[in-house]
Amino acid sequence: GVRFGSHRINTHASLEGTLACFITCTLLAVFAAKFLFTSYSLAGSNLMAFALLAGLSGALAEGSIKSLDDNLVMPLLSAPALWILLSVLA
């Protein structure tokens, strides 16, 4: 988003950066659900829903609070959302 972000969503986030964050978070959620969260049984449509909602959660958290570092904001905002998603979908 910093290098290639030409379409601004707000003062600190670009469309390109937000899409990159969404794609990365979605792919990491699939990996984590398949290989790290083995005590949860996510498969099929539940896995797809979890991954897409996790990607959305990460992208929204990354672009939400300008005054704080996104490396702090992303875990603080997206971790509760992911916990709720796992509780509902697994």
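Leaving aside its neighbours within four places in sequence, L42 is in contact (heavy atoms within 4.5 Å) with A33, L47, F50, L86, L89 and A90. Before we go on, please keep in mind that this is a predicted model, in which local features need pLDDT of at least 70 and side-chain atom pairs count only at pLDDT 80 or more, while totals for chains, interfaces and linings use all residues. Residues are numbered from 1 along each chain as its sequence is written, and side-chain values use heavy atoms, with hydrogens and water left out.

**The cores**

L42 belongs to the largest nonpolar core, a group of ten residues that also takes in A29, A33, L47, F50, A51, A54, L85, L86 and L89. A nonpolar core here is a set of buried Ala, Val, Leu, Ile, Met, Phe, Trp, Tyr and Cys residues joined through side-chain atoms within 4.5 Å. Buried means under 20% relative accessible area, exposed over 50%, and partly exposed in between, with a 1.4 Å probe and protein chains only. Helix 1, helix 2 and helix 3 each supply at least two residues of this core, and helix 2 gives the largest share, four residues. Helices (H or I, at least four residues) and strands (E, at least two) are DSSP runs, numbered from the N terminus. A second, separate core has five residues, including C21, C25, A59 and M74. In soluble globular proteins, nonpolar side chains tend to be buried together.

**Helix 1**

Helix 1 covers residues 15-36, and its 22 residues reach 30 Å from the first C-alpha to the last, close to the 32 Å expected at 1.5 Å a residue. The expected span is 1.5 Å times one less than the number of residues. Its buried residues are G17, T18, C21, C25, T26, A29, A32 and A33. Seen down the helix axis, these fall within an arc of 165° (taken from the directions from the axis to the C-beta atoms), so they line one face of helix 1. On the other side, L27 and F35 are exposed. The buried residues pack against strand 1 (8-10), strand 2 (13-14), helix 2 (44-62) and helix 3 (70-89).

| Residue | Relative accessible area |
|---|---|
| C21 | 11% |
| T26 | 12% |
| C25 | 17% |

Not counting residues up to four places away in sequence, C21 touches G58, A59, E62 and M74. C21 and M74 are 53 residues apart along the chain, with their C-alpha atoms separated by 11 Å.

If you are thinking about cysteines, the structure holds zero disulfides (pairs of cysteine sulfur atoms within 2.5 Å). The sulfur of C25 is 3.9 Å from the closest cysteine sulfur, in C21, which is too far for a bond.

**Helix 3**

The 20 residues of helix 3 should span 28 Å at 1.5 Å a residue, and its end C-alpha atoms are 27 Å apart, which agrees. A kink of about 30° lies at S78, shortly before the proline P80. The bend at a residue is the angle between axes fitted to the seven residues ending there and the seven starting there. V73, M74, S78, L85, L86 and L89 are buried in helix 3, and what covers them includes helix 1 and helix 2.
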